[in-house]
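Subject: Structure handover

Hello,

Please find the structure below.

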Amino acid sequence: MIKRLPKITFLFFLFAMLSCANTSKENKNNEETQLQTKPETSEKIVLAAEKLEEYLPFLKDRNVAIVGNQTSVIPNQNGAYVHLVDTLLSRNIRIQKVFAPEHGFRGEADAGEKVSDGIDEKTNLPIISLYGKHKKPTSEDLEGIDVLVFDIQDVGARFYTYLSTLHYIMEAAAENSKKVLVLDRPNPNGNYVDGPVMEPENTSFVGLHPVPIVYGMSIGEYAQMINGEKWLENGLTCDLEVIKLGNYDHEKSYHLPVKPSPNLPNDQSINLYPSLCFFEGTTVNAGRGTNKQFQVFGSPYLNQDKYAYSYTPQPMPGAAYPKHSGEKCYGMDLTAAPGLERIELKWLIHAYENTSDKTAFFNNFFPKLAGTNDLQQQIENGVSEEDIRKSWEPGLQRFKNIRKKYLLY
């Protein structure tokens, strides 16, 4: 027995080594499989504005106009954000002027506030406002310009006016034979499509196109759709180039590093915005005049017994004249509400049902926001939320068939 022990020991050791080798090989194969199937959403999104090598050739030795605001920034190696204008000037790109949307170039103006033309203090570039009566660049504005670079962060809701600014930029470019370069940015509400589709009689600056409230497209995809569906005046199409995002798909969440407008201060407000913006067309305040914009709602006319939460809107930067300023409003605090993946109607319906004067609840802005007269009529007639949603389905399906032609991700 003593003489055979070394042989047994050797065989046992050999078997153990082979088993470990097989196990190690299996683990390695499993790791390789996991890496291969690891979702792309774990990778950092690369903004189009970061991909300088792709779009600088379009700008070199050309006269350039920037369509941008405070969101037109690029992260540097230190994690700080540098404005696109500063980045391009440092590379000797010939920027001639800046076109600014609602809220202005620095994004400080209140919603609906008139923004005047001016000079950017940092760069001395002329700024032309595209809000108010002057929503579309004139031929004179575009004289001497070769390329318009559009780089503005959208939030994925039809009534957010940056879409209309994009439309008028493309239309003016088409009419004056100028190129439009869109630097794509992620849509923080890009993972779903929902809401009533805009009807022609309700088109306005808060909705120019036959799309639902939440359309689930990046700004670059949307630009392609404007062109492809010939939504510009007289069916024109512009010379359009879209620089794509890297490592992006529509299921990927995105945290905005800069407020896209004064009253969308954080991710929660951006997520709730497509649902709470309906209140802008009613007697209900949606948080303007507080530090919880589009995260709370309330009104002096809502039933105090039904709404335990209250607040008092006050004038503040970005909300100089908030609805019900100085009045106690009763409503709900949604700052801790779970993230939405659809438009939520229950808050609007409940508020209507519990207001003191239903005849005054809606104002004439509501159909412009909704894009249809039907939603107000359905709520006033007591139609259930489920049946309201069913009425949206044919229009949503038609839109989805259009949308899929232009998706880049």
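Two strands are taken as paired if DSSP finds at least two bridges between them. Helices (H or I, at least four residues) and strands (E, at least two) are DSSP runs, numbered from the N terminus.

This is a predicted model, in which local features need pLDDT of at least 70 and side-chain atom pairs count only at pLDDT 80 or more, while totals for chains, interfaces and linings use all residues. Residues are numbered from 1 along each chain as its sequence is written, and side-chain values use heavy atoms, with hydrogens and water left out.

**Overall**

The protein chain has ten helices and 14 strands. Of its 409 residues, 52% are buried; buried means under 20% relative accessible area, exposed over 50%, and partly exposed in between (1.4 Å probe, protein chains only). The accessible surface of the protein chain is about 19,500 Å², and carbon and sulfur atoms account for 50% of that. Accessible areas come from the Shrake-Rupley method with a 1.4 Å probe, and for residues only the protein chains shown count as cover. If contacts between residues at least 6 apart in sequence are taken, 73% of them join residues at least 24 apart, where contact means heavy atoms within 4.5 Å.

Axes are lines fitted to C-alpha atoms, for helices over the stretch in contact, and angles run from 0 to 180 degrees between N-to-C directions. Strand 12 and strand 14 (residues 329-333) run antiparallel and are joined by four bridges. S299 stands opposite Y330 of strand 14.

Another open sheet has seven strands in the order 5-6-4-1-7-8-11, and its pairing is mixed. At its edges are strand 5 (118-119) and strand 11 (239-243), each with a single partner strand, so one side of each is left without a neighbour in the sheet. Strand 1 (residues 63-68) and strand 4 (residues 94-100) run parallel, joined by five bridges. A65 has K97 in strand 4 as its bridge partner.

Helix 2 (residues 52-59) packs on this sheet and touches strand 1, strand 7 (147-151), strand 8 (179-183) and strand 11; its direction makes about 165° with that of strand 8. Helix 4 lies across strand 1, strand 7, strand 8 and strand 11, and runs at about 170° to strand 7.

**Helix 4 and the cores**

Helix 4 has 14 residues and reaches 20 Å from its first C-alpha to its last, close to the 20 Å expected at 1.5 Å a residue. The expected span is 1.5 Å times one less than the number of residues. Helix 4 is mostly covered, with 13 of its 14 residues buried. After helix 4 comes S177, with a positive phi near 55°.

The largest nonpolar core has 85 residues, and L148, V182, Y273, F278, F279 and F297 have the most contacts inside it. A nonpolar core is a set of buried Ala, Val, Leu, Ile, Met, Phe, Trp, Tyr and Cys residues joined through side-chain atoms within 4.5 Å. Helix 4 (residues 162-175) gives this core its largest share, eight residues. Apart from this core lies another, of 23 residues, among them A48, L52, Y55 and I95.

Leaving aside residues up to four places away in sequence, V182 touches residues including F150, L166, I219 and L240.

**Single residues**

W392 is in helix 10 (residues 385-403) and counts as buried at 6% relative accessibility. W392 and D194 are 198 residues apart in sequence, yet 8.1 Å apart in space, C-alpha to C-alpha. Beyond residues up to four places away in sequence, W392 touches D194, G195, P196, I343, L345 and L375.

Most residues other than glycine have a negative phi. N124 is not a glycine and has a positive phi of about 65°. N124 lies in the loop between strand 5 and strand 6 (126-129) and is exposed, at 59% relative accessibility. N234 has a positive phi near 60°. N234 is in the loop between helix 5 (219-228) and strand 11, and is exposed at 71% relative accessibility.

Regards
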